[in-house]
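Thanks for coming. Please have a look at it first.

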Amino acid sequence: MIEIFLSSIISGITLLAFGNFFCKIFLKQDSSDDENFAENSIFGIIFLSFLSLIINFIFPISKSIGNIVFLISLFLFIIYFISTKNKKKLLLFLFYTSIITFFLILLSNVNRPDAGLYHLPYVSLINENKIILGSANIHFRFGHISIIQYLSGIYNNNFFSTASITIPMASIVSIFIIYLIKKFKSEFKKENNVSFVIFLIIVFSLTNFNRYSSFGNDAPSHIFFLFLAILFLDINNLKKCDVLSFYKIVFISVFLFALKVFMAAVFIVPLILFLVSNKKKEILVNRNLIISFIFIVSWILKNTLVSGCLVYPIQTTCINNLSYYDSYRTTQTIYVSEAWAKGWSDQKKPILEYNEYNKNFNWFSTWKNKHLIKIFEKLLPFLIFLLITLFYLCIKIFLNKEKLIRLENIHSSRIFILLCFSLFFLLLWFLKFPIYRYGSSFISLSLILVTTLTFKNYLYLINRKYYTTIIIVGLIAFFLKNGLRIIDKFQVNYFDYPWPQIYSLDTKNKPKKFNLIKKGNQHIYYYSNQELCMYSKSPCSNYNLKNLDKKKVYGYDLFWIKRK
């Protein structure tokens, strides 16, 4: 347990150290401001993730690389700690985030089944190999992994258990929660409606991001989408958007694209900001244009080398004459992914083929009978808090109807624009991948913004005491839920206890040795015989790939499928 807590602290230090470095060198932001600890850490997540990706083009993300990153982060942090004037607040920030990370990680399960199918196997792959050409042929999900796998991979070092690769996901949530609380306090003092928006985002986050095993690759994408929304609301005048605010949104947009292909739609936000800005020249001559370009090109290049597509599995972006590009599997991936998100497996006879099921809303009746109900169930805790807040507000309006004043709502236009963005993303989600874990932030943000605009003239009636009470209740519920889970599993013993189980989902968590498939003297891949590969020797697949072949190209492994 001590090791997990120390790892949680080191994770906070690493992300803050790299974040301060990134914000100071590139964003030219004052990193000594105590209000920026959480925000800088968020940009540390982005910087370290892309750094890991770029390194993997040349080297495996081995323990040696992890050791170097660990030591550099300590060096950067010591320099920063000596120079900062807010040492007490800095230490408190690290303590708070570490506590939340610790409670989330301790005795948790990994995301099932996705972590075992491709999250952990891909982390193992990049820990043992530099980038592998055609690795999507080993497992098609390797074609659309998240950049979070690269962040996890660089946590692999000799100072802590290999299972510390599970820490980053929990650190993202803990940093975001602390960021939201600090942001709410600062916005509440300004007496504007943005504080109400952030309050409801806090409530949503505490009710939605409170179980580590549910995070997968989806939670980070929703967190960064909500962070993008808050940054957008921070812009007082869209036409006069300063260069710093613009590039913060650009970096978040690039990172969201690397988190989930579906999130590519967020590029509309910086595009519109640029088009309406009267500072186009300052934006175009800024060094951050080059840095953001390097980030996005590195991700697209990774996609191309891994799958043969600039954006997998969008066929129009695929390069057909690449030897390792598999057109058949790419096409199937598109149809299968969409159909399963729309409840294909829940059909009653007759069973439609994937492509036919996706057409003309053939999926809707099946989807609404199961997935729609699940969406309401998942949203229920947040909806309860929202209804309690609205009930409280209605009582305040009734009791103060003779004294009501009309305030000027200077943020309403930005909130309305953001609502239009959110509804646009919500519509895309509904039409293509209407499963809750893909769209929770779109649904919640739309509800939050509609509520804010509806009651915008009365929100001043909600006092600090109410806000504080609800947030404290939410935090208590957050820790209580995780505390009960820890108590329930406390006596369960397994390999690498009490870290999350990364080697197996059975009760022992013992590392497994799968069958090595060879062709002559050449090692091809490890076949798990339909079991989950988890974190095992790489490359590993649960598919029996009889037509998979391998060769060396300029020192890089290349895998392709032989088709008749």
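**Buried charges and surface patches**

Lys-183 is buried, with a relative accessible area of 14%. Buried here means under 20% relative accessible area, exposed means over 50%, and partly exposed is in between, with a 1.4 Å probe and protein chains only. Before I go on: this is a predicted model, in which local features need pLDDT of at least 70 and side-chain atom pairs count only at pLDDT 80 or more, while totals for chains, interfaces and linings use all residues. Residues are numbered from 1 along each chain as its sequence is written, and side-chain values use heavy atoms, with hydrogens and water left out.

Which residue does Lys-183 meet in a salt bridge? The partner is Glu-187, at 3.6 Å, N to O. A salt bridge is a side-chain nitrogen of Lys or Arg within 4 Å of a carboxyl oxygen of Asp or Glu. Glu-187 also counts as buried, at 4% relative accessibility. Both residues lie in helix H7, 4 residues apart, about one turn of the helix. An α-helix has 3.6 residues a turn, so residues three or four places apart point the same way.

Now H7 itself. Helices are DSSP runs of H or I, at least four residues, numbered from the N terminus. Of the 23 residues of H7, 18 are buried, so the helix is largely enclosed by the rest of the structure.

A search of the whole structure finds 12 salt bridges. One of them joins Asp-114 and Arg-437, at 3.6 Å, N to O. Asp-114 lies in helix H5 and Arg-437 in helix H18, so this pair ties together parts that are 323 residues apart in sequence. Asp-114 counts as buried at 12% relative accessibility, whereas Arg-437 is partly exposed at 33%.

Lys-260 forms a salt bridge with Asp-218, with the closest N and O atoms 2.9 Å apart. Lys-260 lies in the loop between helices H10 and H11, and Asp-218 in helix H9, so the pair ties together parts 42 residues apart in sequence. Asp-218 is buried, at 5% relative accessible area. Salt bridges that share partners join Asp-114, Asp-218, Lys-260 and Arg-437 into one network.

Last, the surface. Ile-476 is found in helix H19 (residues 464-489). Ile-476 is exposed, with a relative accessible area of 51%. Lys-374 is found in helix H16 (residues 364-399). Lys-374 is partly exposed, at 41% relative accessible area.

Terms used:
Helix = DSSP H or I, 4+ residues; strand = E, 2+ residues; numbered from the N terminus.
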